[in-house]
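Here's a quick briefing for anyone opening this structure for the first time. Take a look at the picture, then read on.

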Amino acid sequence: MDLGIRGKRALVCASSKGLGRGCAEALAEAGVDLVMNARGAEALEAAAAEIRARHGVAVVAVAGDITTEPGRAAVLAYGPFDILVTNAGGPPPGMWSDWSREDFIKAFDGNMLTPISLMQAVLPGMIAKGWGRVVNITSVSVKAPIGVLGLSNTARAGLTGFVAGTSRQVAGQGVTINNLLPGIHATDRAIALDGAVVKARGIPMEEVIAERAATIPAGRYGTASEFGATCAFLCSQHAGFIVGQNVLLDGGATNTTM
Ligand code: NAP
């Protein structure tokens, strides 16, 4: 299917690896020029070079921490953008009783205030053009809380509230904002969380992965490429009537009717 976005320009945050990388790949495959970002310059440059070579689109790699003001200013300098994909690393796991005010503020900065600030920066340009697409990578924890990821549950719920209201304020100007909610995907982040279980329970990694996969009706972890393909569809011409949605990509793991 032609997504109808060839020649558009996208900012894909936190995209040298994992789900962000999957989104960058799928957008590039649809002919979209990219600004990619991550903190580690080496992996970022390597990812940008691979995408350039594979898809023949223009890719600018901007190394920096997207959760900081200078990190955001550095990527935004390469605007204007037709498409924004927000993403950043997730907060660490822990216990509700242990988190301090500083821990919450760090989580809010990374997973709520950073995407909000990026949207505030790019939405006026999209509205002026009468066309724009924003996809925020959030988490299944927005629909069904994950106890040990309370910082994520809290910060992402705040972002979800902002998107629910704002998406309806900009839809009339040709701009859509939606959230993609990953369940378990085979990325470094998932492997790190599995590694913590290996350590805590003293069982092999394969056993941890098999146990977690068994909790998913699809019987496996998701892949970054199928996640990216969904993102690219939400950024496509065909998705102009999809507004303010929270799209679950979890292999059926969240047991809800709606
Ligand atoms: P990942 O495999 O660890 O990849 C994270 C990517 O983001 C890397 O490219 C990393 O590069 C970059 N990054 C991290 N923090 C950054 C920052 N502050 N500024 C700029 N770049 C940054 O993670 P993932 O699995 O793709 O997860 C992406 C998001 O989805 C996270 O918020 C995660 O919590 C959420 N999520 C993931 C899953 C899952 O199963 N994978 C499930 C639910 C939610 P550098 O380290 O070089 O910066």
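A residue is near a molecule or strand if one of its heavy atoms lies within 4 Å of it. Of the 28 residues around the ligand, Ser-16, Leu-19, Arg-39, Ala-88 and Thr-187 come nearest. Keep in mind that this is a predicted model, where local features need pLDDT of at least 70, side-chain atom pairs count only at pLDDT 80 or more, and totals for chains, interfaces and linings use all residues. Residues are numbered from 1 along each chain as its sequence is written, and side-chain values use heavy atoms, with hydrogens and water left out.

**Around the ligand**

- A polar backbone atom of Gly-40 sits 2.8 Å from an oxygen atom of the ligand.
- Arg-156 brings a polar side-chain atom to 2.9 Å from a ligand oxygen.
- For Gly-183, a polar backbone atom is 3.3 Å from an oxygen atom of the ligand.

**The nonpolar cores**

- A nonpolar core is a set of buried Ala, Val, Leu, Ile, Met, Phe, Trp, Tyr and Cys residues joined through side-chain atoms within 4.5 Å. Buried means under 20% relative accessible area, exposed over 50%, and partly exposed in between (1.4 Å probe, protein chains only).
- The largest core has 33 residues, and Ile-5, Leu-27, Leu-34, Met-36 and Ile-83 touch the most other members.
- Among the elements that each supply at least two residues of this core are strand 1 (9–12), helix 1 (18–29), strand 2 (33–38) and helix 8 (224–234). Helices (H or I, at least four residues) and strands (E, at least two) are DSSP runs, numbered from the N terminus.
- Helix 1 gives the most to this core: six residues.
- Apart from this core lies another, of 26 residues, including Ala-88, Leu-118, Val-122 and Ala-155.

- Lys-8 lies in the segment before strand 1. (Lys and Arg count as positive and Asp and Glu as negative; His and the chain ends are not counted.)
- Lys-8 is buried but has no salt bridge, and the nearest side chain of opposite charge, Asp-82, is 4.8 Å away. A salt bridge is a side-chain nitrogen of Lys or Arg within 4 Å of a carboxyl oxygen of Asp or Glu.
- Asp-194 lies in helix 6 (residues 188–201) and is buried, at 0% relative accessible area.
- Beyond its neighbours within four places in sequence, Asp-194 is in contact with Met-205, Val-208, Ile-209, Arg-212 and Tyr-221. Contact means heavy atoms within 4.5 Å.
- The side chains of Asp-194 and Arg-212 are joined by a polar contact of 2.7 Å. A polar contact is a pair of N or O atoms within 3.5 Å; within protein, one must be able to donate a hydrogen and the other to accept it, and residues adjacent in sequence count only if both atoms are side-chain atoms.

**Salt bridges**

- The count comes to ten salt bridges.
- Asp-82 and Lys-129 meet in one of 2.7 Å, N to O. This pair links distant parts of the chain, 47 residues apart: Asp-82 in the loop between helix 3 (69–76) and strand 4, Lys-129 in helix 4 (residues 101–129).
- Asp-82 is buried at 8% relative accessible area, whereas Lys-129 is exposed at 51%.
- Arg-54 forms a salt bridge with Glu-50, with the closest N and O atoms 3.5 Å apart. Both residues lie in helix 2, four residues apart, about one turn of the helix.
- Arg-220 and Glu-226 also form a salt bridge (2.7 Å, N to O). Arg-220 is partly exposed at 41%, and so is Glu-226 at 32%.
- Shared partners join Arg-21, Glu-25, Glu-50 and Arg-54 into one salt-bridge network.
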